[in-house]
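Biologist: I am new to reading models like this one. Can we go through it feature by feature?

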Amino acid sequence: MNILETDGEKLLAAVRDLLAAKGIASSAEISERIAITDAANPGQGARMVAKAWTDPAYRTLMLEDGTKAAEELGIPMRGSAPLGVLENTADVHHLVVCTLCSCYPRAVLGYPPFWFKSAAYRARGVRDPRGLIAEWGTVLPEGVKIRVVDSTADYRWMVLPLRPPGTDGWDETRLTSVVREGDMIGVTIPRI
Amino acid sequence: MAAMAPGTAVRVKDDWPETRGPVHIRTPHYLRGLQGTVVRGLGAFPNPEDLAFARPAAQLALYHVAFDQPAVWQEGRAGDGLLVEIYEHWLEPA
Amino acid sequence: MDKDVPRAHHDLGGVSKFMCEPVDVGPHALTDFDKEVDGLSGVLRMKRLMTVDEMRRGIEAIPEAEYHRLSYYRRWMRSITDNLLRKGIITEAELRAALERV
């Protein structure tokens with residue numbers, strides 16, 4: 001049997017043992033890596049969005065250099081792929097997909113959700129984006145065009161969604177609570 | 001290859017390296033041979049086609065290129081579009 | 001209708017077979033296995049023992065039926081193992097012996 005066909009759990013255990021014995025990758029190093037990835041979560045992206053909604057200079061920075069904007073809020077980006085931010089407007093709504101694999105702005109938002117990695121999402125996003133976002137009950141207002149962003153290369157993309165109506169005078173903290181993971185990928189639209 | 005300015009009309013090469021041996025290509029099949037418009041340059045990065053096989057990888061310019069949805073699929077809504085990162089060696093002037 | 005082109009099987013944009021498939025939008029917690037594979041790949045990348053490009057190539061080399069049958073992180077684990085063997089970081093003999101012991 002092709003050794004690669006061995007059950008994944010067994011491969012993991014065997015590979016971990018070998019790499020630890022060879023001093024290549026220890027359990028502590030793997031645990032540390034898990035902890036770093038666990039620390040990233042959609043709340044980090046929500047903070048960026050809320051700040052962009054209230055601070056025009058930060059909004060400009062976020063659109064020009066997403067990585068720098070993330071770092072400015074204390075989000076660790078060293079060693080991560082460059083972050084690109086796509087601005088939704090009254091005319092254009094962005095939807096992020098990776099048809100070839102599952103490229104996701106992990107450093108900011110954390111692990112990609114199950115649906116983002118699924119064959120159905122990867123296939124449908126570029127060809128039937130409106131039908132796809134309807135799976136979340138999302139319907140775009142009349143006249144809004146959709147722009148599907150296929151993450152094929154070195155950038156990782158997230159969406160700067162539109163600030164929902166009814167939030168005048170809200171501070172950053174309150175605005176952060178409005179922004180969900182799906183809003184920053186484009187499958188949903190923020191609402192109060 | 002000279003840098004391509006925003007607004008340049010480009011065609012994605014109608015090439016299929018997949019038919020010639022093991023490869024790692026980051027230009028989606030559904031764009032090959034199609035026309036799009038350069039939106040902006042995204043910088044330069046080492047060629048993933050070579051990195052994937054641990055070969056020395058040249059720095060290549062990466063572009064964000066826009067395509068019209070109906071032109072790609074013969075379905076979809078006018079005005080809807082796609083925005084895809086494409087490496088310079090996959091693009092030729094249209 | 002699919003485009004009549006020699007598409008690699010992981011190159012899924014617009015593929016007809018999936019166009020009517022519903023998306024499972026519910027939350028799915030990662031298992032310990034998932035996180036450990038993810039962590040392991042991160043360590044190997046940080047130490048420049050494997051690039052994300054090499055890992056993708058290994059995933060794309062999984063035969064089509066297996067590619068769709070395996071869970072996301074089981075594909076990663078298969079690719080990580082493939083790459084470690086290709087680079088001689090571990091040998092097949094060592095791996096078989098280690099598999100006997102787990």
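Biologist: Which residues does Val49(A) touch, not counting residues up to four places away in sequence?

Modeller: First, a caution: this is a predicted model. Now the contacts. Val49(A) touches Leu160(A), Pro161(A), Val179(A) and Met184(A).

Biologist: Which residues have the most contacts inside the largest nonpolar core?

Modeller: Start with the general idea. In soluble globular proteins, nonpolar side chains tend to be buried together. Here, the largest nonpolar core has 62 residues. Val49(A) is among those with the most contacts inside it, along with Leu95(A), Val96(A), Met158(A) and Ile86(B). Helix 3 of chain A, residues 42-54, gives the largest share of this core, six residues.

Biologist: What does the second core include?

Modeller: That core is separate and has 23 residues. Among them are Leu11(A), Met50(C), Met55(C) and Met77(C).

Biologist: Let us turn to chain C. How many helices and strands are there in chain C?

Modeller: Count the elements, then read their order. Chain C has six helices and zero strands. From the N terminus on, the order is α-α-α-α-α-α.

Biologist: Why is chain C said to be more spread out than a compact globule?

Modeller: Compare its radius of gyration with the globule rule. The rule gives 13 Å for 102 residues, but chain C has 16 Å, well over that value, so chain C is more spread out than a compact globule. Its C-alpha atoms fill a box of roughly 45 × 35 × 30 Å along the principal axes.

Biologist: What percentage of the residues in chain C is buried?

Modeller: Buried residues make up 40% of the 102 residues in chain C. Next, check sequence separation. Take the contacts in chain C with a separation of 6 or more: 54% of them join residues 24 or more positions apart.

Biologist: How many residues do chain A and chain C give to their contact?

Modeller: Read an interface one side at a time. Chain A gives 44 residues and chain C gives 45 residues. On the side of chain A, helix 1 (8-21), helix 2 (27-39) and helix 7 (119-127) each give two or more residues. Helix 1 of chain A has the largest share, 11 residues. By class, this side of chain A has 24 nonpolar, seven polar and 13 charged residues.

Biologist: Last, into which domains is chain A divided?

Modeller: Domain 1 covers 8-38 and domain 2 covers 41-184. Their centres, taken over C-alpha atoms, are separated by 32 Å.

Notes:
Residues are numbered from 1 along each chain as its sequence is written. Chains are lettered from A and ligands numbered from 1 in the order in which they are written. This is a predicted model: local features need pLDDT of at least 70, side-chain atom pairs count only at pLDDT 80 or more; totals for chains, interfaces and linings use all residues. Two residues are in contact if their C-beta atoms, placed from the backbone, lie within 7 Å. Helices (H or I, at least four residues) and strands (E, at least two) are DSSP runs, numbered from the N terminus. Ala, Val, Leu, Ile, Met, Phe, Trp, Tyr, Cys and Pro count as nonpolar, Asp, Glu, Lys and Arg as charged, and the others, Gly among them, as polar. Domain bounds come from an automatic or database domain assignment. The radius of gyration is taken over C-alpha atoms; the globule rule is 2.2 Å times the number of residues to the power 0.38. A residue is buried if 20 or more other C-beta atoms lie within 10 Å of its own, exposed if 12 or fewer, and partly exposed in between; C-beta atoms are placed from the backbone. A nonpolar core is a set of buried Ala, Val, Leu, Ile, Met, Phe, Trp, Tyr and Cys residues joined through C-beta atoms within 7 Å.
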